[in-house]
Amino acid sequence: MSATWQPKPARPAPTHVVGVWGWMRQNLFATPGDVLLTIIAALALYYTIDVVFHWAIIDASFSGTDRTACLKEVQGACWPFIEAKFGQFIYGRYPEAERWRVDLVYLIGFVGLVPLLVPQIGWKRANVIFMLGPFPIFAFLMLTGGAFGLVAVETTDWGGLLVTLVVAITGIVASLPLGILLALGRRSEMSIVRSLCIGFIEIFRGVPLITVLFMASVMLPLFLPDGVNFDKLMRCLIGVALFSSAYMAEVIRGGLQAIPKGQYEAAAALGLGYWRVTGLVVLPQALKMTIPGIVNTFIGLFKDTTLVLIVGLFDLLGIVQFHFTDASWATPETHITGYVFAAFVFWVFCFAMSRYSIFMENRLSTDRD
Amino acid sequence: MSRRDALLQLVTLALVVAGIGWLIANVADNLDRQNIASGFGFLNERAGFGISQTLIDYDEDDSYRQVLIIGLLNTLLVSVLGIIFASVLGFLLGVGRLSRNWLISKIAMVYIEIFRNVPLLLQIMFWYFGVLRNLPSPRQAINIGDVMFLSNRGFALPSVSFMDGAGFYGLALLAIIVTAIGLRRRARKLFLATGQIVAFWKPLGIVSLAVLLLAGAVAGLPFAADIPSLRGFNFRGGMSVIPEFVALLLALSLYTAAFIAEIVRAGIMSVYQGQREAAAALGLSHNRALSLVVIPQSLRVIIPPLTSQYLNLTKNSSLAVAIAYPDIVSVFAGTTLTQVGQAIEIIFITMMVYLLLSLLTSWAMNRYNARIALVGQN
């Protein structure tokens with residue numbers, strides 16, 4: 001009697017839950033209602049893809065030098081328009097001979113940014129110092145010129161993606177420290193500082209950005225002494241930075257409130273003063289916790305840069321809109337093509353930021369386990 | 001508070017006061033030199049320009065005060081309708097995103113990722129300049145069943161005009177609403193006291209039918225449909241909706257819906273699976289479990305961020321200025337500012353109006369939030 005007990009081999013899963021058909025039965029046709037929904041959704045999807053595919057590829061024009069290329073009987077996208085204006089969309093009216101300067105700034109910015117974003121690469125501190133210290137000065141000198149033998153380029157000639165990135169990056173870089181200060185101020189025990197911070201935050205959060213930009217472009221000159229005047233781009237930068245710092249402050253305040261009181265007390269018991277408690281114990285934890293919120297604010301800020309076109313600056317959307325007035329490209333499809341192009345560029349930036357935020361969130365949350 | 005802190009505060013206050021004083025002195029100086037008038041007297045002056053959409057009577061001889069009110073009403077109109085559409089669509093998308101149906105869930109995801117990552121201003125301009133202004137002229141308007149016409153001048157829709165006796169139907173409607181509220185209250189009271197579920201829709205339907213028949217017997221049918229028709233270069237009759245309004249409403253609703261969808265999804269996911277299982281174990285049907293257990297709890301998570309989306313939508317309606325929809329920023333901080341030149345007063349008033357709207361919305365939503373928070377804790 002040496003027979004050991006042999007379990008029966010497991011029966012195969014029923015055919016209606018395995019394979020492609022099983023997957024479809026579970027995920028697409030589980031109930032009669034599901035069948036109906038799936039059919040309606042599939043039809044709607046087919047129709048949408050069909051329209052988009054015809055517009056973007058089958059009926060589109062791909063080459064040509066003026067509007068005649070885009071006046072077919074059934075006309076889809078007018079891609080030659082984008083091709084012809086591409087330089088304008090990226091640099092605005094920046095003189096063609098000087099565009100290498102913008103490219104160089106893009107390149108150095110990119111080279112500096114990538115190692116900052118990839119967690120495995122070290123030298124973070126040196127990298128941050130470079131990106132916040134020498135790089136902005138270099139970028140400023142390169143872009144405006146007027147020194148070291150570079151031709152001066154007025155900011156009124158800047159445009160396109162260049163202005164979008166300048167406004168967005170300045171706003172992002174300025175709003176984070178300002179937001180941290182405002183958030184700390186709002187939680188301060190000093191009543192006057194606290195009320196001032198609350199007033200600032202609530203006023204800027206209560207009004208639309210467009211009124212802040214109007215204020216920056218129409219009202220700010222009235223607030224300055226005679227003869228003192230800023231560049232329009234500069235005024236918009238100030239407006240955008242103040243506006244987004246108020247939103248940033250509220251995001252960071254959420255993080256500060258989530259830090260248990262014991263952390264403050266423990267740090268104080270170690271003999272740390274206010275700034276050390278804040279800088280070494282509280283802020284690192286609070287900022288880590290609020291990364292999704294901070295990136296969301298960045299994404300919002302990036303999208304909001306389009307508003308500068310209303311006060312007369314030519315960001316990417318502004319310059320696309322401006323080139324619709326070019327009579328040599330006036331076709332019924334020019335508008336939609338231009339908007340789709342601009343939307344795609346904005347989408348790539350925003351989507352990349354949101355994915356990066358999810359990546360960082362996952363990475364940091366595993367640290368805590 | 002330590003002495004150092006007190007000193008720090010005094011210094012801050014002094015700096016802020018000095019800064020504000022300096023700004024005011026500059027303003028006074030600048031206004032004086034540029035001969036710009038100050039004060040709010042301009043509100044009573046004649047505006048002298050036309051507005052394309054006015055909810056109340058207006059003509060060019062009216063004052064800037066009237067312009068302000070018209071702009072505010074237009075802002076409110078597009079915001080309220082936008083909030084309603086965005087909520088409905090956002091709720092559907094959020095539920096769709098969690099659907100077991102793979103196709104529905106993916107479609108909702110793609111929608112959300114596209115619409116919330118493209119600037120709202122771009123979307124507004126896309127719908128306005130790209131789509132609506134590209135529609136055919138009124139003569140070749142897209143004809144929907146001979147009653148609705150879509151053209152680049154806007155949408156011509158049929159409207160209903162009321163004749164004598166329509167007031168009876170108004171009374172009937174009032175009676176139905178009162179009955180509905182009464183029935184609801186009674187049903188709730190009985191439910192809480194005895195757990196008995198009382199019929200609601202059936203008695204309401206019977207009462208409604210009876211009241212409407214009564215109104216019909218007294219007043220007949222005092223309505224006439226007013227259908228738009230092409231006269232010359234545009235449509236006459238019916239109701240005309242300007243394309244600026246359609247574009248703005250469409251863009252605001254589609255954009256905000258993507259954000260609301262994510263909020264709804266997070267809210268529903270925040271309710272523990274165990275709650276659903278417990279509800280099922282108590283014998284509640286799927287729908288009753290949703291409406292009695294899951295949704296009340298998820299609402300507590302949903303309401304606060306939803307409030308800020310509503311506020312965002314209201315503030316974002318100011319982008320109307322880009323397509324010249326006559327909202328408050330467009331007609332008041334835009335046209336009026338250009339004509340009068342009193343930037344400080346006008347931008348101050350505009351900002352105050354938005355601050356007030358924000359405060360009112362937060363107040364209303366906080367009250368609602370307080371109510372459901374209490375219900376949740378019982």
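In this predicted model, the centres of domain 2 of chain B and domain 3 of chain B, taken over C-alpha atoms, are separated by 31 Å. Chain B is divided into domain 1 (3-35), domain 2 (64-117 + 251-377) and domain 3 (173-220), and chain A into domain 1 (95-152) and domain 2 (154-337). The two chains touch through a contact that takes 46 residues from chain A and 48 residues from chain B.

**Domains**

**Contact between chain A and chain B**

- On the side of chain B that touches chain A, at least two residues each come from helix 1, helix 3 (102-116), helix 4 (120-131), helix 9 (286-316), helix 10 (328-340) and helix 11 (343-377) of chain B.
- Helix 1 of chain B gives the most to this side, with 12 residues.
- Sorted by class, the side of chain B that touches chain A has 30 nonpolar, 12 polar and 6 charged residues.

**Packing of helix 8 of chain A against helix 1 of chain B**

- Two packed helices are described by the angle between their axes and the distance between the axes.
- Helix 8 (residues 191-206) of chain A packs with helix 1 (residues 3-34) of chain B at an angle of about 40°, and their axes are 8 Å apart.
- Helix 8 of chain A is therefore oblique to helix 1 of chain B, because angles under 35 degrees count as roughly parallel and those from 65 to 115 as roughly perpendicular.
- The residues that meet are A:I192, A:V193 and A:L196 in helix 8 of chain A and B:Q9, B:T12, B:L13 and B:V16 in helix 1 of chain B.
- By class, this contact of helix 8 of chain A with helix 1 of chain B has 5 nonpolar and 2 polar residues, and no charged residues.

**An open sheet in chain B**

- Chain B has an open sheet of 4 strands, in the order 1-2-3-8, with antiparallel pairing.
- Strand 1 (142-144) and strand 8 (239-241) of chain B are the edge strands, each of which pairs on one side only, and from one strand to the next the twist averages 15°.
- Strand 2 (residues 148-151) of chain B pairs with strand 3 of chain B in the antiparallel sense over 3 bridges, and these two strands form a hairpin with 2 residues between them.
- Strand 3 (residues 154-157) of chain B is also joined to strand 8 of chain B by 3 bridges, and strand 3 and strand 8 run antiparallel.
- B:F155 in strand 3 of chain B stands opposite B:L150, and B:F155 also has B:V241 as its bridge partner in strand 8 of chain B.
- B:A156 has B:S240 as its bridge partner in strand 8 of chain B.

**Buried residues in helices of chain A**

- A:T297 lies in helix 13 (residues 291-304) of chain A and is buried, because 24 other C-beta atoms lie within 10 Å, where the cut-off for a buried residue is 20 or more.
- Not counting residues up to four places away in sequence, A:T297 touches A:S244, A:Y247, A:M248 and A:V251.
- Although A:T297 and A:Y247 are 50 residues apart in sequence, they are 7.1 Å apart in space, C-alpha to C-alpha.
- A:V240, found in helix 10 (residues 232-258) of chain A, is buried as well, with 26 other C-beta atoms within 10 Å.
- Leaving aside neighbours within four places in sequence, A:V240 is in contact with A:V167 and A:G171.
- A:V240 and A:T305 are 65 residues apart in sequence, and C-alpha to C-alpha they are 7.9 Å apart in space.

**A loop residue in chain B**

- B:A324 is found in the loop between helix 9 and helix 10 of chain B, and phi of B:A324 is near 60°, a positive value in a residue other than glycine.
- B:A324 counts as partly exposed, because there are 15 C-beta neighbours inside 10 Å.

Notes
Residues are numbered from 1 along each chain as its sequence is written. Chains are lettered from A and ligands numbered from 1 in the order in which they are written. This is a predicted model: local features need pLDDT of at least 70, side-chain atom pairs count only at pLDDT 80 or more; totals for chains, interfaces and linings use all residues. Two strands pair if DSSP finds at least two bridges between them. Axes are lines fitted to C-alpha atoms, for helices over the stretch in contact, and angles run from 0 to 180 degrees between N-to-C directions. Domain bounds come from an automatic or database domain assignment. Angles under 35 degrees count as roughly parallel, over 145 as roughly antiparallel, 65 to 115 as roughly perpendicular and the rest as oblique. Two residues are in contact if their C-beta atoms, placed from the backbone, lie within 7 Å. Ala, Val, Leu, Ile, Met, Phe, Trp, Tyr, Cys and Pro count as nonpolar, Asp, Glu, Lys and Arg as charged, and the others, Gly among them, as polar. A residue is buried if 20 or more other C-beta atoms lie within 10 Å of its own, exposed if 12 or fewer, and partly exposed in between; C-beta atoms are placed from the backbone.
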